[in-house]
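Here are a few notes to read alongside the model.

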Amino acid sequence: MAQSAVSFTDESLVGATITLTNCDREPIHIPGLVQPYGFLLCLAEDTHRIVQASANTQALIGLAAEDLLGKGLEELLGPGRLAEVAALLPTLTETTKLLGVRLKHVAGQPFYKLILHRYDGLLWAEFEPLAEEEASVLSLPALNNTLSQMLSATNVLDFCQYAVEQVRDITGFARVAMYRFAADESGEVVAEAKRDDLDPLLGLHYPATDIPQQARAMYLKNWLRFIPDIDYAPTPLVPARTPGTGRPPDMTYAVLRSVSPIHIEYLRNMGVAATMTISIIQDGKLWGMVMCHHDAPRLVSYELRELCLFIGKTFSALLSTKEQLETHAYQLRLQQAQVRLLEQVSNHVNFVEGLYQPVPIVLDVLNCGGAAICFDGEVVRLGNAPTPPQIRELATWLDEHLEEDVFHTDSYARLNQAGLAMRATASGVLAVALAQEPGNYLFWFRPELLQTVRWAGKHEKVHKMEDGQLFLSPRQSFAAWAQTVESTAAPWLPLELETANAIRLHIADVRLKVFNELQARAASLGRLNTELARSNDELDSFAYVASHDLKEPLRGIHNYSIFLLEDYAELLDADGVDKLQTLVRLSQRMEALIDSLLQLSRVGRLDLELVPTDMNELVADVLDLLRPRFEQTHTTVDVRGPLPTIEADAVRLREVFNNLFTNAIKYNNKPERRITVGWAPAGKAGPRGAANPADYDVFYVQDNGIGIEQRHHESIFRIFKRLHAQDKFGGGTGAGLAIAKKMVEKHGGELWVESVLGQGATFYFSLLKAH
């Protein structure tokens, strides 16, 4: 339904007592009353005869209202002015016309301003008194200066400030303020020009209910309302109801229309004695009002009021342009900050760090109190932001409720009860998803509006009780407004939502670029791994063939050396025998090295036969095999069991334990040698680290031997690597640990050592658990 067709009033309240309970339905357009600083005559459209008159005509011009009924304006005006008025009457509309008239047929022939308009089937003639010596108020230089200042404003607040200063200069009111409406129809004083001794009202907020809907509808029709003295006694019309309609006339466009008693009481509680209000209208909607207040009665001439109305209409006409300038300036600032941010993100190795390093530039992109980045479980807080647990809780809530890539609200608490705890910092939330995975978001926060609004004057405003009823005061209005906006922040602008989405898209592009680069690297590494595997296979094959083929000639050298020692030793001197014995030892060592190489190559080429293997039985078999060596070397073995059953190649694991037990015996110079075998506690992991330690069983072999220096903990697993001279600790080729490590790795596990020189060593190895 169109707004013009909506009725906000209850005409049954005509003549009834108006209170805070029914004022929202008060028929303010048909009060049947006028302000007594002037008088009103209503003329019939067809006869131009007076059908209603205000009751104060007797007091102002000495003619009773009843005596004027049925008569024409010739009772007041001389022939010349009467003819001029008669020519104007047929052309009248809702727009008022002004004439200066002298009441020739009234005692003293006073000078009045005659204000004429047509509405509701009547011709309205309103008379305001004026002293003869009043000079013209229209100053073209002053008007030109006013327009120049208003045109020069580049933002809305400066525009408002220029307007209120000009209106105050013209009218002399103690206070002139610009009152702007929000989307919820609440209002805020955004500009003010005042006398120095008055308390400021700048920043004061009012709830929407302070201005009833019927008043808002009237403000759209009649741009200016004027009350020169709020303590006036309303003057009734005679008769109260228009002949032929049976109701009071519609006084929407009447200058002298009496106002609501609730409004008068409200002004009185503010300490206001005279007031004028000018509507600011944008695209057919009430954007705001210029409010003029004075602390004593003040009669401002009609011409001055019209000049102020001109300023109000000029302001309304230019308002959209100023808002566009302001929006463009904000947009430019956003774009500049956005460009800096995106460059920083693009050039940073870690795009998340690029959002806030080297400075928290993400805070500069939007008007906000704080920001946060939640990515891969990490939370980075910037500015005035909620706590990390609150941010994680918000991210979890968004995972369940986010339907689009950009989320925004000016009241998170209305959507989620948990928002009440963070409303001081994050009543307003703007979030963009940083990845498809849950929990990854970039947030901007705005605090509760009440956290940023301050009462700009004394809190102790007047509260008046009358007949048990508390009349509304500005302080009460602020409290009512505060209640309506609790847990609410300033709304996010469409421009800000577009900026946030642009940042999201850019980050998505950066992540896609990084993903593509990683994918290309992965493909390259895959090719290298394939080549390496092939090379390893070829190397294993070569090592196997080479070691196998070398054994035959080497065995011949060894055998012939033995034959020479057996058959020709008596023919050789001591030096010759020693050389043959050295040749035998070298051939034996070479054969041992070739056997180790052959065994290592076999490990790389073999296929494991994984079967359920009871580790208790496996360890017992190895210990039984080595029992003679344990007895010979005075070695005791303690098995900390029971051990689990796993999926493994039992033959290969026996070789691993055999090697570790043999080394524990060999590299020990203690009279009593001790070995401990066991199952490590859950969670034990090697230097390489398991993807999930819970998937592995870890076993250990511990000794009280010579120990190993920290710097050798990795090198001991290299092929043919020895830490001692060849003739110490029983010799050896240095291949055993390399072979054991390769066998463990074939099982998908890891072999490592923990040791301190002189304090023994503990060898750990991990194997996948049985499924």
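1. Buried means under 20% relative accessible area, exposed over 50%, and partly exposed in between (1.4 Å probe, protein chains only). By that rule, 45% of the 771 residues of the protein count as buried. Please keep in mind that this is a predicted model, where local features need pLDDT of at least 70, side-chain atom pairs count only at pLDDT 80 or more, and totals for chains, interfaces and linings use all residues. Residues are numbered from 1 along each chain as its sequence is written, and side-chain values use heavy atoms, without hydrogens and water.

2. The secondary structure comes to 21 helices and 27 strands, taken as DSSP runs numbered from the N terminus (helices are H or I, at least four residues; strands are E, at least two).

3. How do H20 and H21 cross? The axes of helix H20 (residues 650-666) and helix H21 (residues 736-746) come within 9 Å and cross at roughly 145°; axes here are lines fitted to C-alpha atoms, for helices over the stretch in contact, with angles from 0 to 180 degrees between N-to-C directions. On the H20 side, the contact (heavy atoms within 4.5 Å) includes Arg652, Glu655 and Val656, and on the H21 side Leu737, Ala740 and Met743 are among the residues involved.

4. Lys742 is also found in helix H21, and it counts as partly exposed because its relative accessibility is 26%. Its C-alpha atom is separated by 9.6 Å from that of Val656, 86 residues apart along the chain.

5. Leu571 sits in the loop between helix H16 (494-568) and helix H17 (574-605). With 65% relative accessibility, Leu571 counts as exposed.
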